[in-house]
Amino acid sequence: LLCENLGRDLEELLGKTDYDLFPPELAKRYQDGDQRVMGSGQKLQATEEYRLPDGTQRFIESIKVPLFDPYGRVVGVQGVFWDVTEHKQAEESIREQAELLNLAGDAIIVRDSRGQTAFWNRGAERLYGCSATEAKGQPTAALTGGDADKLMEIELSLQTRGEWSGELKQKSRSGTELTVMSRWTLVRDAQGQPKSALIINTDLTERKRLEAQFLRAQRMEGVGTLASGLAHDLNNILAPIIIAV
């Protein structure tokens, strides 16, 4: 396995030092780690990057522990390592995806199966006034507010249809009333069991406020037109009476 991970034959490894197998900078780190273990008598755990002879980038997780003689003196170092390249690549992919989600203007939230917040992007931070650090692990419903009956409707829709969308009335951390267009999607694990819910909320608060102002203006204009028409009709009715007087 060691030969496979390093991309070398056993004959190439026997009797070789770190400087024979790795670039000077990496070999020095390995040797420094060995010296720390021997000097302290304590184990050392680290994640290191290296490249195969063909230039392929790999990552290894290593644990080094001291070897003691019968008198308790450190006489060597024993190391165990395993390849964590796929894990590191998956982490990097997740970070990239999270960064893209953070660029979105909408509030994007992932709620786990227990109803707690697993992901909270910057759009959610701006909308609700709560940081991702504060939100993580907290009940999503408590962070966004909303009507309990409507939340029950959403849960039922997720269980039966796997999705829900519609307008919701919510509140920010400061108590500001919010209106959002909310889209919920149920996420399942490899076995098909419910795992989490992806929530995307678009802030409609300002648009709703402007619509309300426009409707009020229209109503006032209608009332003004009606009053003007009534006044005109009333003048027409009163005119003969005034002339007769």
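Strand β4 is mostly covered, with five of its six residues buried. Buried here means under 20% relative accessible area, exposed over 50%, and partly exposed in between (1.4 Å probe, protein chains only). The model is predicted, so local features need pLDDT of at least 70 and side-chain atom pairs count only at pLDDT 80 or more, while totals for chains, interfaces and linings use all residues. Residues are numbered from 1 along each chain as its sequence is written, and side-chain values use heavy atoms, with hydrogens and water left out.

The protein holds ten helices and eight strands. These elements are DSSP runs, numbered from the N terminus: helices are H or I with at least four residues, and strands are E with at least two. Of the 245 residues, 26% count as buried. Contact means heavy atoms within 4.5 Å. Among the contacts with a separation of 6 or more, 34% come from residues 24 or more positions apart.

Two strands pair if DSSP finds at least two bridges between them. β4 and β8 run antiparallel and are joined by six bridges. In this pairing Ile108 stands opposite Ile200 of β8, and Asp112 stands opposite Ser196 of β8. β4 also runs antiparallel to β5 (residues 117-120), with three bridges between them. Val110 has Phe119 of β5 as its bridge partner. β4 and β5 form a hairpin with four residues between them. Gly115 lies in that turn and has a positive phi of about 85 degrees.

Ile108 is a residue of β4. Ile108 counts as buried because its relative accessibility is 7%. Beyond four places in sequence, Ile108 touches Leu101, Phe119, Trp120, Asn121, Ala124, Leu198, Ile199 and Ile200. Ile108 and Leu198 are 90 residues apart in sequence, yet their C-alpha atoms are 7.4 Å apart in space.

Trp120, one of the residues touched by Ile108, also takes part in an aromatic pair. Rings of Phe, Tyr and Trp (its six-membered ring) pair if their centres lie within 6.5 Å; planes under 30 degrees apart count as stacked, over 60 as edge-to-face and the rest as tilted. The count by this rule is one aromatic pair. The rings of Trp120 and Tyr128 have centres 5.5 Å apart and planes at 45 degrees, so the pair is tilted. Both Trp120 and Tyr128 are buried.

Strand β8 also pairs with β7. The two strands are antiparallel and share nine bridges. Val180 stands opposite Asp203 of β8. β7 and β8 form a hairpin with five residues between them. Gly192 in the turn has a positive phi of about 85 degrees.

Helix α9 has 14 residues. From first C-alpha to last, α9 reaches 20 Å, close to the 20 Å expected at 1.5 Å a residue. The expected span is 1.5 Å times one less than the number of residues. Ile154, Ser157 and Leu158 are buried in α9. These residues cover an arc of only 100 degrees around the axis, which puts them on the same side of α9. The arc is that of the directions from the helix axis to the C-beta atoms. An α-helix has 3.6 residues a turn, so residues three or four places apart point the same way. The cover over the buried residues of α9 includes β4 (107-112), β6 (163-171), β7 (177-188) and β8 (194-203). The face turned away from the buried side carries the exposed residues Ala148, Asp149, Met152, Leu156, Gln159 and Thr160.

Ser157 lies in α9 (residues 148-161). Ser157 counts as buried because its relative accessibility is 9%. Apart from residues up to four places away in sequence, Ser157 touches Gly162, Glu163 and Trp164. Gly162 follows α9 and has a positive phi, near 80 degrees. At the start of α9, a side-chain oxygen of Asp147 comes within 3.0 Å of the backbone nitrogen of Asp149.

Ser62 belongs to β2 (residues 57-68). Ser62 is buried because its relative accessible area is 11%. Leaving aside neighbours within four places in sequence, Ser62 is in contact with Leu44, Gln45, Ala46, Val80 and Phe81.

Key
Polar contact = N/O pair within 3.5 Å; in protein donor to acceptor, adjacent residues only side chain to side chain.
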